[in-house]
Amino acid sequence: MCGIVGYVGKEQVAPILLDGLARLEYRGYDSAGIACMENGTIRVNKAKGRLQVLSDMIDGGNAVASTLGIGHTRWATHGKPSDENSHPHMSQNGKFAIVHNGIIENYSEIKASLMADGVTFASETDSEVICNLLEKFYEGDLLKAVKKTVDTLEGSYALGIICHEYEDRFIAVRHASPLIVGLSEKGNFVASDIPAILSYTRKIYHLGEGEIVELTGDKVRVFNSDLEPVIKQAEEITWDVKSAEKDGYDYFMEKEIMEQPRALHDTISPRIDDNGEIVLDGVHLTREDIEGYRRIYITACGSAYHVGMVGKYIIEKMTRIPVEVDLASEFRYRDPIVDDKTLMIIISQSGETADTLAALREGKQRGARILSIVNVVGSSIANESDDVLYTWAGPEIAVATTKAYSTQLSMMYLIALYMADKLGLMEKEEIRTLLASLMQVPELVEQVIETTRPQIMELAKQYHQVEHAYYLGRNVDYAVAMEASLKLKEVSYVHSEAYAAGELKHGTISLIEEGTLVVALAGCHRVIEKTVSNIQEVKARGAKVIVVTTEDNTGVEKVSDHVIYLPKVKELFLPSVEVVPMQMLGFYLAKERGCDVDKPRNLAKSVTVE
Ligand code: F6R
């Protein structure tokens, strides 16, 4: 999510850090900062806004007399974009400075305990606990203090750490958040992403899970989480800068599809505590509030609206509160029945979509309580909502959303379970079991990517010349079909439509002819027989049929040309795994057609006009 770069060596460090951070600018950020060792003390310069603001503060880095430092570009998660929340963070007594990428899940408890010891905090971030833990644990042995600190942390983190007692070395740690080490004659580097250091060295190695690295100008020592030495083999990077930005993938969309297990983990895991209880930071709905709602509106645009369509099934099923899903552009002009007995759930990746923001304001003016699901901290929608839940998907660069959709969807489960729990509609044990299944979704998504990707690449080769495609499904399969169809059309320019499978024979079936591509989503067990009948109807008219279903439904092979099998999953969580091969189908088909996948024609990432 955030960008990290660190260097120690013979060169003046600040210009190197600024240059490295500039090479990560393409990912998006809201503030930047560096911490350098200068004459035995740690000097921190940081500022909200563009990197240029930081650069101007320190004369392009020339004003900092140092050869050791760490730098960071922040994409806000905990706490709005501001000077105080920018990294690096310094411990209370100025002994440690850190940069952090990831999410500390147990930061509230750590913060409370440090505050009870008299530590004061300067920011709202989860990260600031790290430098204060280091200061607390440091007794003259830097590596031991680092180990004690990381043993206390839960969550994901890549860290750069400097300590005021060491002018010649710094430490970096990797846990569930990527970090690389770069080696050169003139000094050594760490970075969250290869492009940050590519103009200085191509000799790198990837740190493994839990590894801790100590860097000096001419030596790099790597340890495992028990501080035992690890021997690493350096590799030579042959990618150019453009490929490096995409982690070696050809497109950001592909990279972002692959990032979904991590994004889902970061979004779900901190919301479920060790006792299996849901913790929705930023949501203050009481049982009385929820009991008072006569209806829920979910309002959004595009893919976020499709998340809402799945959300309707989930929330109604679990809470028995009626849910209406509305396109924001329609809601705002249709005189909706909204009052103070209405909860509005607003979904938006960017938090700036003009129609969604207008719908929010319309609802608010009529008395609704606004709960938003947003990916960009401090965005307009987040600022104007009563309750905000952030998806921690990280910056999404490809115009077509993938990881934002998936993380928004995971929020729907959490909200539904949260409300059902508050209302006392489900046994605690049942909720815990469902939460345990939700926690497995990131792994399942990883498995689906691995197992279905080669087949989907083949299918994309076979069908990339089609002119039309129809996506069918019933119940939640239909809601996912809507997103699957949008993914295909927006990036590949193939005309595509999604239909509730039972609706087909009321008109659209007249379009099916020899060779028409039909993708049938048939994961939903309760209605699979019905969906299979609809598949037979199109097959009989010459359609080429790809069926997506779970591995226990082998019977569909008789009525299809191809079957994409998914692992068996609780029906509730089916949409989360079903959407992933559909994103890949859209992507690989568009790639086969030579489309500009990351920037499809006529589309913008954030639609800030009506
Ligand atoms: C499609 C896509 C769009 C967005 C829509 C809403 O892949 O990305 O349909 O979902 O423009 O954008 P946000 O979520 O930023 O409000």
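What is 2.6 Å from an N or O atom in the side chain of Glu 490? An oxygen atom of the ligand.

Ground rules before that. This is a predicted model: local features need pLDDT of at least 70, side-chain atom pairs count only at pLDDT 80 or more, and totals for chains, interfaces and linings use all residues. Residues are numbered from 1 along each chain as its sequence is written, and side-chain values use heavy atoms, with hydrogens and water left out.

Now the ligand. Ser 348 also has a side-chain N or O atom 2.6 Å from a ligand oxygen. For Thr 353 the distance is 2.5 Å. A polar contact here is a pair of N or O atoms within 3.5 Å. Alone, the ligand exposes 410 Å², and the protein buries 89% of that. Those areas come from the Shrake-Rupley method with a 1.4 Å probe.

The shell has 14 residues, and Ser 348, Gln 349, Ser 350, Thr 353 and Glu 490 come nearest. Near means that one heavy atom of the residue lies within 4 Å. By class, the shell holds five nonpolar, seven polar and two charged residues. Asp, Glu, Lys and Arg count as charged, and Gly is classed as polar. Helices α10 (302-319) and α16 (476-492) each supply at least two shell residues. Helices (H or I, at least four residues) and strands (E, at least two) are DSSP runs, numbered from the N terminus.

Next, the parallel sheet. It is open, with five strands in the order β17-β16-β18-β19-β20. Strands pair if DSSP finds at least two bridges between them. β17 (323-327) and β20 (387-390) are the edges; each has a single partner strand, so one side of each lacks a neighbour in the sheet. On average, neighbouring strands are turned by 20° against each other, direction ignored. β16 (295-300) and β18 (342-348) are joined by five bridges. Within that pair, Thr 299 has Ile 346 as its bridge partner. Helix α12 (354-365) lies across β16, β18 and β19 (369-374), at about 165° to β18. Axes are lines fitted to C-alpha atoms, for helices over the stretch in contact, and angles run from 0 to 180 degrees between N-to-C directions.

The other sheet is antiparallel. It is open too, with seven strands ordered β5-β6-β7-β8-β12-β13-β14. Its edge strands are β5 (89-90) and β14 (229-230), each pairing on one side only. β6 (96-104) and β7 (155-163) pair over nine bridges. Val 99 stands opposite Gly 160 in β7. Helix α5 (142-152) lies across β6, β7, β8 (170-175), β12 (212-215) and β13 (220-223), at about 25° to β8.

First, His 87 and Pro 88 are joined by a cis peptide bond, with omega about 0°. Pro 88 sits in the loop between β4 (68-74) and β5.

Second, Asn 39. Its phi is positive, about 50°, although it is not a glycine. Asn 39 is in the loop between β2 (31-38) and β3 (41-48).

Third, Gly 208, in the loop between β11 (203-206) and β12. Gly 208 touches Arg 174 and Lys 232, leaving aside residues up to four places away in sequence. Contact means heavy atoms within 4.5 Å.

Definitions and conventions. A polar contact is a pair of N or O atoms within 3.5 Å; within protein, one must be able to donate a hydrogen and the other to accept it, and residues adjacent in sequence count only if both atoms are side-chain atoms.
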